[in-house]
Amino acid sequence: MLLSGKVALITGGSKGLGRAISLAYAREGASVVTCSRDPARLKEVEHDLSAIQASCLTLPADISKPDGVKKLVDQCVSRFERIDVLVNNASVLGPRVEIVEYPVDQWEEVLDVNLFGAFLLSKEVSRIMINQRSGSIINVTSSVGRRGRARWGAYAAAKFGLEGLTQVLADELKPFNVRANSVNPGAMATEMRRTAYPEEDQSKLKRPEETIDVYLYLASDDSIGKTGGQYDAQSFVKPQ
């Protein structure tokens with residue numbers, strides 16, 4: 001199997017893309033640790049993961065808090081002794097309003113989860129990967145994190161920041177054979193997308209499960225040496 005023997009930590013794994021990545025990694029033989037702030041949905045994912053792969057772990061966690069991140073990483077290492085893949089997927093949308101109307105507290109919340117949380121996790125996990133001399137960090141970004149658009153506010157700002165964080169990590173970690181790449185998942189049939197575009201017909205969109213190939217590639221040894229890249233999930237073709 002493609003990810004046999006690997007340990008993967010995926011944030012925001014209780015629904016949507018995070019859930020799809022967690023299940024796909026488990027099917028390919030990885031030991032999966034996934035977290036969420038939604039205990040009820042996390043329980044459902046735990047059931048699905050257990051049916052695929054016995055060595056999986058689901059944990060409630062708030063990744064915007066340094067103590068929560070340290071506890072999450074410590075639990076992962078205590079159970080599996082290593083982390084080979086980190087997927088910074090957890091994200092909140094925030095209000096779809098113009099900057100002049102954007103509530104300050106919600107701006108802070110979106111940046112805390114979407115960018116600060118990714119920084120905290122990358123910092124903790126990088127230490128482990130440096131010691132291992134191997135690893136892959138995958139940051140889930142967005143098209144509005146590459147070209148801003150009206151009424152995307154803090155979400156776009158955070159995703160721009162995440163693209164920058166990816167480049168810094170790639171440059172700093174390359175000497176240790178640790179890679180960092182970003183993935184724009186594109187328009188998918190998810191709850192977050194429905195909130196952003198309530199009038200949209202989601203039957204015409206791909207489901208998260210249909211966009212998994214790039215995440216499998218970047219987690220696998222097939223992508224060793226590939227770092228600092230910007231990938232688009234829905235147009236991805238695995239290199240031969």
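These are my notebook entries on a few things I looked up in this structure, which is a predicted model.

**Entry 1: helix H2**

I started with helix H2, which runs over residues 39–52 and has 14 residues. From first C-alpha to last it reaches 20 Å, close to the 20 Å expected at 1.5 Å a residue.

Which residues of H2 are buried? I found Leu-42, Val-45 and Leu-49. They cover an arc of only 60° around the axis, so they sit on the same side of H2. I jotted down the rule behind this: an α-helix has 3.6 residues a turn, so residues three or four places apart point the same way.

Then I checked what covers those buried residues, and the cover includes helix H1 (16–27), strand E2 (31–36) and strand E3 (57–60). On the face turned away from the buried side I found the exposed residues Ala-40, Lys-43, Glu-44, His-47 and Ala-51.

**Entry 2: Arg-27**

Arg-27 belongs to helix H1. Skipping neighbours within four places in sequence, I see Arg-27 in contact with Met-1 and Ile-52. I also looked at Arg-27 and Pro-103, which are 76 residues apart in sequence and 42 Å apart in space, C-alpha to C-alpha.

**Entry 3: Asn-184**

Is Asn-184 buried or exposed? Asn-184 is buried, as its relative accessible area is 11% and the cut-off for buried is under 20%. This residue is in strand E6 (residues 178–184). Its side chain reaches the backbone nitrogen of Gly-186 at 3.1 Å. Leaving aside neighbours within four places, the contacts of Asn-184 include Thr-141, Arg-146 and Tyr-231.

**Entry 4: salt bridges**

How many salt bridges does the structure hold? The count is 15. As a reminder to myself, side chains of opposite charge can pair when their charged atoms come close.

I picked out Asp-74 and Lys-70, whose closest N and O atoms are 3.0 Å apart. Both are in helix H3 (residues 66–80), and being four residues apart, they are separated by about one helical turn. Asp-74 is partly exposed at 39%, and Lys-70 is partly exposed at 42%.

Next came Arg-146 and Glu-163, paired at 2.8 Å, N to O. Arg-146 lies in the loop between strand E5 (135–140) and helix H5 (153–173) and Glu-163 in H5, so this pair ties together parts 17 residues apart in sequence. Arg-146 is partly exposed at 26%, whereas Glu-163 is buried at 5%.

My last pair was Lys-238 and Asp-222, with closest N and O atoms 2.8 Å apart.

How values were computed: Residues numbered from 1 in each chain as written. Predicted model: local features only at pLDDT ≥ 70, side-chain atom pairs only at ≥ 80, totals over all residues. Heavy atoms only, no water. Helix = DSSP H or I, 4+ residues; strand = E, 2+ residues; numbered from the N terminus. Expected span 1.5 Å × (residues − 1). Buried < 20%, exposed > 50% of the residue type's maximum accessible area, 1.4 Å probe, protein only. Arc of directions from axis to C-beta. Contact = heavy atoms within 4.5 Å. Polar contact = N/O pair within 3.5 Å; in protein donor to acceptor, adjacent residues only side chain to side chain. Salt bridge = Lys/Arg side-chain N within 4 Å of Asp/Glu carboxyl O.
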